[in-house]
Amino acid sequence: MAIEGTAQVRHKAWLALEDHYAKIGKTEMKHLFAQDPQRGERFTLQANGLLLDYSKNRITDETLKLLFDLAEAAGLKAATEAMFTGKKINITENRAVLHVALRAPKGESIVVDGEDVVPQVHAVLDKMSGFADKVRSGEWKGATGKRIRNVVNIGIGGSDLGPVMAYEALKHYSQRDMVFRFVSNVDGTDFVEAVQDLHAEETLFLVASKTFTTQETMTNAHSARDWFLSKGGEEAGIAKHFVAISTNENEVAKFGIDTANMFGFWDWVGGRYSMDSAIGLSTMLAIGPENFRAMLAGFHKMDVHFRTAPLAQNMPVLLALLTVWYTDHFDAQTVAILPYEQYLKRFPAYLQQLTMESNGKHVTLEGKHVDTQTGPIYWGEPGTNGQHSFYQLIHQGTRLIPCDFIGFFKSLNPLGRHHDMLIANVFAQAEALAFGKTAEQVKAEGTADALVPHRVFEGNRPSNTILADELTPEVLGMLVALYEHNVFTQGVIWNINSFDQWGVELGKVLATKILGELEDKDQPDLKHDTSTNHLITLYRSKK
Ligand code: F6P
């Protein structure tokens, strides 16, 4: 769907920002703080228990005004409504984009192709809850009458990263007498290591794939089936040990999984937006249906906030506009995600697919080459580990790396002074990045002249600090939705389609062709470039 707001209005808003950047681009944050004693509080936003301090950014009130003008010129409001009301905004696949329907409360109505999808969502949720209760309580038995102790999720991309991240994030709430494993890579090592200490009689495989045709997942699923049979399982027992999560009933049946044991979702759920659909079955099995629904409630709270809050008080919008500001005006190439919470250790990896598969696009909705930079590279590691590896470059390197710090007021595992230390580090890093240390300060500490330049911190490096009380299922839902809508807003500003992923196709096609060539040495002439031909020949000779 073309976004409302003419190209000219958008262009004017860009130009205004360019002019503004020319004026304030080099302004130092320390001066902005000195000029406004209220800045720290004024540039802090709270919504539903999440707090965003965005004061340590290279912005003024005028910057924000111009960024909001840009969002308006880009038609953000209309685009948001189009998404929430089920319009087919994924124009290259002619699909609605309705992950928000996955967390819509019962009684709401969202109509796609003449059908209200909310009752369907709740029917699947109820089916998942019934199944999860049975497995968790031991009522669901394996083929030999043993209860299920191990759950292995087989999926890749959105059918893996969300489930892994959520399992790790919410481990505190999980059923500890059950083992959860995740297999994604087509590298056989992933599967072999995941099952090497498991008893087949007590193991349940969740085959998670939107399409049920993804090479890696289907290969792993077939290996899982062979493993089950090789460990004494029988064909008739497969129904007790394999369930499918997919939109593709035909392929599920073809694989041999009883479609009664299939949990469905819909083409309007993008893979990277699916952790709160049936793809989250492993999460529900781990934390239970009640906690899963609390997570959905958190997603929904952020959805309502994003849809209704004015731009200036809208958390996802603020994060997105700041990213656009740095990406397109400061030439920042990356955003660092730095959770100071061990349970969020897979959050940066999860966000990589969400952000980069969504906004790694080089053409506009109209198919023209973009004339700005689009999606930045997202990366990160949990604190404080990163401080002892890559933070050096963030503090003193030559690149500008906007950072999102994420922390919690309370620890789920209070232990002596650990939490105070952890949070002291969050605040210290953000302060050091923003304000640095001048040569005068370094000299005043008695540093030898020759060392002074090495010990100077230029500062003026931007960061956001996102805080919540503690990591609960609801807060995790809010955090994920915060970034989902952040990504959406960036996509609207850049006028790109955040919901397709054609960039993954070419590699898949070539890999299928090359696989045939690796397996069949008798294939005549290789017709790739000389480098690829040479590599194939070498591999064949070593096999
Ligand atoms: O890599 C492309 C992709 O289509 C992702 O968008 C998706 O999350 C992943 O593959 C897995 O797809 P599926 O769930 O259909 O197996």
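Residues are numbered from 1 along each chain as its sequence is written, and side-chain values use heavy atoms, with hydrogens and water left out. Because the model is predicted, local features need pLDDT of at least 70 and side-chain atom pairs count only at pLDDT 80 or more, while totals for chains, interfaces and linings use all residues.

**Stop 1: a cavity**

Rolling a probe the size of a water molecule over the atoms shows where empty space is left. A cavity is a set of points on a 1 Å grid over the protein atoms alone where a 1.4 Å probe fits but cannot get out; lining residues have an atom within 4 Å of a point. Grid points are joined across faces, edges and corners, and a volume is the space filled by probe spheres set on the points. The whole structure holds 4 cavities of 30 Å³ or more.

Select Asn57, Leu322, Thr323, Tyr326, Val335, Pro402, Cys403, Asp404, Pro462, Ser463 and Asn464, which line the second largest cavity. The space inside the second largest cavity is about 70 Å³.

Next, colour helix H14 (315-329), strand S12 (403-408) and strand S13 (463-468), each of which supplies at least two residues of this lining. Helices (H or I, at least four residues) and strands (E, at least two) are DSSP runs, numbered from the N terminus. H14 gives the most, with 3 residues.

**Stop 2: salt bridges**

A salt bridge is a side-chain nitrogen of Lys or Arg within 4 Å of a carboxyl oxygen of Asp or Glu. The whole structure has 27 salt bridges.

Select Lys410 and Asp469, a salt bridge whose closest N and O atoms are 3.1 Å apart. This pair links distant parts of the chain, 59 residues apart: Lys410 is in the loop between S12 and helix H17 (418-435), and Asp469 is in the loop between S13 and helix H20 (473-494). Lys410 is partly exposed at 43% relative accessible area, and Asp469 is partly exposed at 39%. Buried means under 20%, exposed over 50%, and partly exposed in between (1.4 Å probe, protein chains only).

Move to helix H21 (residues 505-519), where Lys513 and Glu517 lie 4 residues apart, about one turn of the helix. Their salt bridge has its closest N and O atoms 3.3 Å apart.

Finally, select Arg103, Asp276, Asp303 and Glu484, which are linked in a network of salt bridges.

How values were computed: On a 1 Å grid over the protein atoms alone, a cavity is a set of points where a 1.4 Å probe fits but cannot get out, and a pocket is an open set with protein on both sides within 12 Å along at least five of seven lines; lining residues have an atom within 4 Å of a point.
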